[in-house]
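We will go from stop to stop.

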Amino acid sequence: KTGLPMVIYDPETWQDVLNNLSDLGERLDMQEHAEAIITEAMKDVRSLEEETADDPWIDLCVEWWPDPIIVPKKETYVNHVLSWVKCRSPFRELEGRSGIVSLEDVAEANPDLYSVSWCGTPWEEYDEASVLKRYSGTNMKFVQDPRRLFKLWEGEIGHPSLRLLDGAKCILDKRRALGI
């Protein structure tokens, strides 16, 4: 009704995120600015990859939702973000963008790190204690060492934007703090 153009982006990969930014720059006649931002973002990614080049790969389970347990799967930029800091989702081979897994699936995967990144939930309501309680009967790494369980704001891991770089840096900070 307003005559304003509308564009909906639906990226699955980090490259899609960058392509969307480039497209937006073109639509707003700000191509040079968009390209400069993309160049800087790619420099940041290379820096993270170089910093972790000698680190071992570890598994990080990103929990999007607690009940049912929803996690990222194969077709998501989250896997790219995790790879920048030598992390992998234990569910990266499962088809789809995200989906339900069982407590048993997570316990069997026994990731090195576990993040509470609940979609649409205010930061102060991310409840690590409820996650520990849910898995209390297991021998999981983060139950044995609760420092391995941490809050990772959904805005830095669940939204396709340059904030994904902040999410990767947060994960790297956690790795460094734990020495893993």
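The tour below visits a helix, a sheet and some charged pairs.

This is a predicted model, in which local features need pLDDT of at least 70 and side-chain atom pairs count only at pLDDT 80 or more, while totals for chains, interfaces and linings use all residues. Residues are numbered from 1 along each chain as its sequence is written, and side-chain values use heavy atoms, with hydrogens and water left out.

**Stop 1: helix 1**

Select residues 14-27, which form helix 1. Helices (H or I, at least four residues) and strands (E, at least two) are DSSP runs, numbered from the N terminus. Now pick Asn-20, which lies in this helix. Is Asn-20 buried or exposed? Asn-20 counts as buried, because its relative accessibility is 18%. The cut-offs are these: buried is under 20% relative accessible area, exposed is over 50%, and partly exposed is in between (1.4 Å probe, protein chains only).

Show Tyr-9, Asp-10 and Pro-11 next. Asn-20 is in contact with these three, leaving aside its neighbours within four places in sequence. Contact means heavy atoms within 4.5 Å.

**Stop 2: a charged pair in the helix**

Stay in helix 1 and select Asp-23 and Arg-27. They form a salt bridge, with the closest N and O atoms 2.6 Å apart. A salt bridge is a side-chain nitrogen of Lys or Arg within 4 Å of a carboxyl oxygen of Asp or Glu. The two residues are 4 apart in the helix, so about one helical turn separates them. Asp-23 is partly exposed at 24%, whereas Arg-27 is exposed at 52%.

**Stop 3**

Turn to the open sheet of 3 strands, in the order 2-3-5 with antiparallel pairing. Strand 2 (65-66) and strand 5 (98-100) stand at the edges; each has a single partner strand, so one side of each has no neighbour in the sheet. Two strands pair if DSSP finds at least two bridges between them. Strand 2 and strand 3 (residues 69-72) pair over 2 bridges. Select Pro-66 to find Ile-69 of strand 3 opposite.

**Stop 4**

Select Glu-51 and Arg-176, a salt bridge at 3.9 Å, N to O. This pair links distant parts of the chain, helix 2 (residues 31-51) and helix 7 (residues 164-178), 125 residues apart. Finish at Arg-148 and Asp-145, whose side chains meet in a salt bridge at 3.9 Å, N to O. Both Arg-148 and Asp-145 are buried.
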